[in-house]
Amino acid sequence: MATDEDFAHTDEAARNRREKAIVLARFAWNRGITADELLALADDMRRKLARAAGAHPPRTMETWALVARLLTEKSEWAAQHPGHPAATPTAADEKIMWVKKPPRRWL
């Protein structure tokens with residue numbers, strides 16, 4: 001039986017990581033969250049995002065890095081296909097729940 005360290009480097013672990021990353025990227029993309037914004041989120045917020053996406057939160061940044069890469073690829077694809085229905089996030093109004101704009105200075 002493989003240990004956790006051994007399993008993390010197996011083909012099965014890579015497949016599991018990719019499947020989870022696709023679920024997370026789809027959720028983030030539909031909310032208009034960019035790769036940079038995702039990686040800038042605090043760990044607890046990324047865990048909440050994963051749960052909201054219906055996924056068990058990743059234990060390492062390796063999966064989140066893959067999510068960010070998928071988001072970048074999707075953004076590039078969307079820029080090349082602006083008229084395609086899949087090129088527009090479907091729940092962009094929910095972005096504010098995850099990515100907060102910096103407070104506006106009054107002075």
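1. Contacts along the chain. The model under discussion is predicted. Of the contacts in the protein chain with a separation of 6 or more, 75% are made by residues 24 or more positions apart.

2. Secondary structure and extent. The protein chain contains five helices and zero strands, so that its elements, read from the N terminus, follow the order α-α-α-α-α. Its C-alpha trace spans about 60 × 35 × 20 Å along the principal axes.

3. Surface and burial. Of the 107 residues in the protein chain, 32% are buried. The chain exposes about 7700 Å², and carbon and sulfur atoms supply 55% of that area.

4. Charge. The protein chain carries 18 positive and 15 negative side chains. The centres of these two sets are 8 Å apart.

5. In soluble globular proteins, nonpolar side chains tend to be buried together. Here the largest nonpolar core comprises 24 residues, and those with the most contacts inside it are Leu24, Ile33, Leu38, Leu49, Trp64, Val67 and Leu71. Two or more residues are given to this core by each of helix 2 (11-30), helix 3 (35-40), helix 4 (43-52) and helix 5 (61-80). Helix 5 provides the largest share, seven residues.

6. Which residues does Leu38 contact, once its neighbours within four places in sequence are left aside? They are Ile33, Arg46, Leu49, Trp64, Val67, Ala68 and Leu71.

7. The aromatic pair. The count of aromatic pairs comes to one. The ring centres of Phe27 and Trp98 are 6.0 Å apart and the ring planes stand at 75 degrees; because an angle over 60 counts as edge-to-face, the pair falls in that class. Phe27 lies in helix 2 and Trp98 in the segment after helix 5, 71 residues apart, and the pair thus links distant parts of the chain. Both Phe27 and Trp98 are buried.

8. Thr63. Not counting residues up to four places away in sequence, Thr63 touches Arg17, Lys20, Ala21, Leu24 and Pro58.

How values were computed. Residues numbered from 1 in each chain as written. Predicted model: local features only at pLDDT ≥ 70, side-chain atom pairs only at ≥ 80, totals over all residues. Heavy atoms only, no water. Helix = DSSP H or I, 4+ residues; strand = E, 2+ residues; numbered from the N terminus. Buried < 20%, exposed > 50% of the residue type's maximum accessible area, 1.4 Å probe, protein only. Contact = heavy atoms within 4.5 Å. Areas by Shrake-Rupley, 256 points an atom, 1.4 Å probe, with all protein chains shown as cover. Lys, Arg positive; Asp, Glu negative; His and termini not counted. Charge placed at Lys NZ, Arg CZ, Asp CG, Glu CD. Core = buried A, V, L, I, M, F, W, Y, C linked by side-chain atoms within 4.5 Å. Phe/Tyr/Trp six-rings, centres within 6.5 Å; stacked < 30°, edge-to-face > 60°.
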